[in-house]
Amino acid sequence: MSLWLTHPLFIPSLVVGVTILLWATSLLPEFITALLFFSVAMVAKIAPPDVIFGGFASSAFWLVFSGFVLGIAIRKTGLADRAARALSSRLTDSWPLMVASVVLLSYALAFVMPSNMGRIALLMPIVAAMAKRAGINDGTRAWYGLALAVGFGTFQLSATILPANVPNLVMSGAAEGSYGIHLNYLPYLLLHTPVLGWLKGAVLIGLICWLFPGQPHAPRDLTPPEPMSRDEKRLAWMLAVVLFLWVSESWHGVGPAWTGLVAAVITLLPRVGFINGEEFSSGVNIRTCIYVAGILGLAITVTQTGIGSAVGEALLQVMPLDADKPFTSFLALTGITTALNFIMTANGVPALYTTLAQSFSDATGFPLLSVIMIQVLGYSTPLLPYQASPIVVAMALGKVPARAGMLLCIALAAATYLILLPLDYLWFSVLGKL
């Protein structure tokens, strides 16, 4: 025990462990836990300031910020209500249809828009307006279900599309940097979409309808919409340009976060933009921004201090990896990813897991590429909301309580591991990947 107390990783591990425990149990508001992590980590000097506060320099943080600003403008100009009017006239006949439409829209948008945060920022005000027109009020269980449909549909299902998810890009970069393996779009889509896209989407829709029941009604307002105002037209054109720049990132090299930030700044400019200082201060949720920065900073700290590597090596020693028991090995590799998700969150898991993939491949007899691909099921299925920052952002935008998010997380994870994991193993086997 005394040796462990003097180990250089003891204090960093204690700080990280307490932070994760507070987020998992919601004993403190999430942003206070993030501030507590920043302050204790700096006082204890567990890592340099640029590591601890690295979340503020992350593109994900600035996508969250710009998403709040653009969401305010979309609502204020009436563009959200106009889009909701077009959707609600066709998609609110029944609760399953409404939930399925939101989930499928979240998934479909991932094919053309590379940023989880950007998609959530775009969809949340539209879905909120659609819910209001269908008689679903804020703060009801039905509204929580729709907000969670945006968050879960955006993050979990987009894991099946290579460029649509930050963890996917981290995995792709780590695989290329460590082993010279270049992941291709269509083979990746074929491997993951049937189980983790289509079937998981169906399970998600069923769980939301069951856990968060609602009774939408057709909108009573049948009057034709008024012509688009000048501000609506200007904002629509700006969003079209932003969407084009997001889709064409590979051509111009400017990340979605910085495109979104430029759009947010334009939105705030006097006489040019769409919102004023008071609307900015009341609409931008600084609490959520701090929380997201804390999650990202924690993941960077875990990687830089060596905690992640130590945990990964320990898991390698204790997990039942056996070339003669392929299903057990498949289950164990998914379990390793799930365990790493607790300390590194989804964005950080692929960076560590992929570097250990060769050892996993030697122990299981699986091809190296297959070992790398197995982690997708694990990091795309968080057990708690804090493990996936896009879900956190969707919950904050929809004012969804932590208990509701945790309930859906646990329910979907249980269904995934009990039903979808064996099917995923069979699909890997059918494709000759194991």
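**Exercise 1. Is K399 buried or exposed?**

Ground rules come before the solution. This is a predicted model: local features need pLDDT of at least 70, side-chain atom pairs count only at pLDDT 80 or more, and totals for chains, interfaces and linings use all residues. Residues are numbered from 1 along each chain as its sequence is written, and side-chain values use heavy atoms, with hydrogens and water left out.

*Solution.* 
- Step 1. Take the cut-offs: buried means under 20% relative accessible area, exposed over 50%, and partly exposed in between (1.4 Å probe, protein chains only).
- Step 2. Read the value. K399 has 70% relative accessibility, so K399 counts as exposed.
- Step 3. K399 sits in the loop between α21 (389–397) and α22. Helices here are DSSP runs (H or I, at least four residues), as are strands (E, at least two), numbered from the N terminus.
- Step 4. Check the backbone. The phi of K399 is near 55 degrees, a positive value in a residue other than glycine. Most residues other than glycine have a negative phi.

**Exercise 2. Describe the backbone and setting of K45**.

*Solution.* 
- Step 1. K45 is not a glycine, yet its phi is positive, about 55 degrees.
- Step 2. K45 lies in the loop between α3 and α4 (49–52).
- Step 3. With a relative accessible area of 71%, K45 is exposed.

**Exercise 3. Which residues does T33 contact, leaving aside its neighbours within four places in sequence?**

*Solution.* 
- Step 1. T33 belongs to helix α3 (residues 30–44).
- Step 2. Its relative accessible area is 1%, so T33 is buried.
- Step 3. Apply the contact rule: heavy atoms within 4.5 Å. T33 is then in contact with T19, L22, W23 and L28.

**Exercise 4. Work out the surroundings of T364**.

*Solution.* 
- Step 1. T364 is part of helix α19 (residues 357–364).
- Step 2. T364 is buried, at a relative accessible area of 2%.
- Step 3. Not counting residues up to four places away in sequence, T364 touches L321, D322, A323, S329, L333 and V371.
- Step 4. Look for a polar contact. That is a pair of N or O atoms within 3.5 Å; within protein, one must be able to donate a hydrogen and the other to accept it, and residues adjacent in sequence count only if both atoms are side-chain atoms. The T364 side chain reaches the backbone nitrogen of F366 at 3.2 Å.

**Exercise 5. How many salt bridges does the rule give?**

*Solution.* 
- Step 1. The rule asks for a side-chain nitrogen of Lys or Arg within 4 Å of a carboxyl oxygen of Asp or Glu. The count is one salt bridge.
- Step 2. R234 and D231 form a salt bridge through their side chains, at 2.9 Å, N to O.
- Step 3. Both R234 and D231 are in helix α12 (residues 230–247), three residues apart, about one turn of the helix.
- Step 4. R234 is partly exposed at 25% relative accessible area. D231 is partly exposed too, at 34%.

**Exercise 6. Check the span of helix α7 and inspect its start**.

*Solution.* 
- Step 1. The expected span is 1.5 Å times one less than the number of residues.
- Step 2. Helix α7 (residues 95–109) has 15 residues. From first C-alpha to last, α7 reaches 21 Å, close to the 21 Å expected.
- Step 3. Buried residues of α7 include W95, M98, V99 and Y107.
- Step 4. At the start of α7, a side-chain oxygen of S94 comes to within 3.3 Å of the backbone nitrogen of L97.

**Exercise 7. How many aromatic pairs does the rule give?**

*Solution.* 
- Step 1. Rings of Phe, Tyr and Trp (its six-membered ring) pair if their centres lie within 6.5 Å; planes under 30 degrees apart count as stacked, over 60 as edge-to-face and the rest as tilted. The count is 11 aromatic pairs.
- Step 2. W62 and F65 make an edge-to-face pair, 5.6 Å centre to centre, with 75 degrees between the planes.
- Step 3. W62 and F65 are three residues apart in helix α5 (residues 59–77), so about one helical turn separates them. W62 is partly exposed at 26%. F65 is buried at 16%.
- Step 4. The ring centres of F327 and Y425 are 5.1 Å apart and their planes stand at 80 degrees, so this pair is also edge-to-face. The pair links distant parts of the chain: F327 in helix α18 (residues 326–355) and Y425 in helix α22 (residues 402–430), 98 residues apart.
- Step 5. Ring pairs also join F37, F38, F53 and F56 into a cluster.
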